[in-house]
Amino acid sequence: MYRHNDVYCIPKNHASATYKGLKVTRSIPSAPQVLTNARIVTMDAGAEMIDRGAVAISGGRIEWVGATLPADYAGWPRQDMGGRLLTPALIDCHTHLVHGGSRAAEFEMRLNGARYEEIARAGGGIVSTVRATRAATEADLIATALPRLDALIAEGVGTVEIKSGYGLDMETELRMLRAARALGRMRDVRVITSFLGAHATPPEWLGRDDAYIDTVCLPALRAAHAEGLVDAVDGFCEGIAFSPEQIARVFAVAKGLGLPVKLHAEQLSHCGGAILAAQMGAISVDHVEYATDADALALARAGTVAVLLPGAFYTLHETRMPPVDAFRAHGVPMAVATDCNPGSSPMTSLLLAMNMAATLFRLTPQEALAGTTVHAARALGLADAGRVAAGCRADLAVWDVETPAELSYRIGFNPLHRRITGASA
């Protein structure tokens, strides 16, 4: 390992290192190789598990997957997986991984009965993290985010989405996105960035939401896009945040820049965000506890993914569950993510999010795994991830478990045997 701006980094050509006691492995399948003797869960629609299957990899991409190895790959080096379960590497499609400070005090307040909205209106919540994030340097943001990222990587995560949204000024929003990009260079993981300038109105613009959008949010979005820092644009549509009309203005600019959009919507109340997102072709709508059957139908018609965030539901002591049955009935893909953030979901375990999705929201273990692989990829607009299929990136996870259900079943236990990634291909 080495230090860069007081941040410990794993060199790209090293297989592993230890960061604050946590071993992080790097396995770059650039040379041709075949993984053999694996029980492969491809996550392709209708595909069964391939028992004693094999995966041929070259240049960080999957060339072939199946049961009987073709002669074309007979001479390639082989690695025996020992009959272990092999899945796509997990994808955390909704995180606020980069931020300053902690909100442990608010955790105590909630335990004493304060609600999320009360805390936010009293100057806590998102705004308190804004103060801490504005005071942090880029090196600070990277250094504090790395342990959180490493915890996800250590559970087999190969792709992580990271949002801005705790700066709410031009300088800090750009700093957050630069830090997110740096994390992708410092670890063998794919980082997807989302601009979330429409997260909240900062104190200096209190009561002037529209002026904040025009003067700060939209110029920051354009600047971030010009610098190549943005992969998607997000927003928070809620009574304590922005209205559908205000979000629509942000999304119109995003669309003009050729960027996909996604939305935090229907988390604390029903504000019409899901319908707006569907109308604007959003790749995902996230939280959705207060979504309705009509919302589910609109999302299905738009091809929008519903991202379930059980960590926030759990932390905020919510009781209104997402309409999972309606999503099933209308065929809405459901993704699952940690929503890692300092306030409402201080969680860095995607395996725990899978367990919570099953126990709290009644997803099946198969739905939870799809939610952190193929549907999570779709929620990020990625066609080359979330499946074990020819042409996809060689982002794979090998597990010491008997069945896929064990990934959702255990609590506080990490059965990862090996993570393989094509991030450097």
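**Helix Crossing, Parallel Sheet and Selected Residues**

Reader: Is the crossing of helices α4 and α5 right-handed or left-handed?

Author: Helices (H or I, at least four residues) and strands (E, at least two) are DSSP runs, numbered from the N terminus. A crossing is left-handed if the near helix is turned anticlockwise from the far one by less than a right angle, and right-handed if clockwise. For α4 and α5, the crossing is right-handed.

Reader: What pLDDT do local features need in this model?

Author: Residues are numbered from 1 along each chain as its sequence is written, and side-chain values use heavy atoms, with hydrogens and water left out. The model is predicted: totals for chains, interfaces and linings use all residues, side-chain atom pairs count only at pLDDT 80 or more, and local features need pLDDT of at least 70.

Reader: Which term describes the direction of α4 relative to α5?

Author: The axes of α4 (residues 138-153) and α5 (residues 170-186) come within 9 Å and cross at roughly 50°. Axes are lines fitted to C-alpha atoms, for helices over the stretch in contact, and angles run from 0 to 180 degrees between N-to-C directions. Angles under 35 degrees count as roughly parallel, over 145 as roughly antiparallel, 65 to 115 as roughly perpendicular and the rest as oblique. The relation of α4 to α5 is therefore oblique.

Reader: Which residues of α4 and α5 make the contact?

Author: Contact means heavy atoms within 4.5 Å. On the α5 side, Arg175, Met176, Arg178, Ala179, Ala182, Leu183 and Met186 take part. Their counterparts in α4 are Glu138, Leu141, Ile142, Ala145, Leu146 and Leu149.

Reader: Which residue of β12 is the bridge partner of Thr159?

Author: Strand β11 (residues 157-163) is joined to β10 by 3 bridges in parallel, with Ile91 opposite Thr159. On pairing with β12, β11 forms 5 bridges, again parallel. There, the partner of Thr159 is Arg190.

Reader: How many residues of strand β13 are buried?

Author: Buried means under 20% relative accessible area, exposed over 50%, and partly exposed in between (1.4 Å probe, protein chains only). Ala232, Asp234 and Phe236 point one way from β13, while Val233, Gly235 and Cys237 point the other way. Strand β13 (residues 232-237) is largely enclosed by the rest of the structure, because its buried residues number 6 of the 6.

Reader: What is the handedness of the β-α-β crossover from β12 to β13?

Author: Strand β12 (residues 190-198) runs parallel to β13 and is joined to it by 3 bridges; Ala198 stands opposite Gly235. The chain passes between these strands through helix α6 (residues 209-226). A crossover is right-handed if, with the strands pointing away from the viewer, the path from the first strand over the helix to the second runs clockwise. The one from β12 to β13 is right-handed.

Reader: Is Val288 buried or exposed?

Author: Val288 lies in the loop between β15 and α9 (293-302). Although Val288 is a residue other than glycine, its phi is positive, near 55°. Because its relative accessibility is 0%, Val288 counts as buried.

Reader: Is Arg52 buried or exposed?

Author: Arg52, found in strand β6 (residues 50-58), has a positive phi of about 50° although it is not a glycine. Because its relative accessibility is 60%, Arg52 counts as exposed.

How values were computed
Two strands pair if DSSP finds at least two bridges between them.
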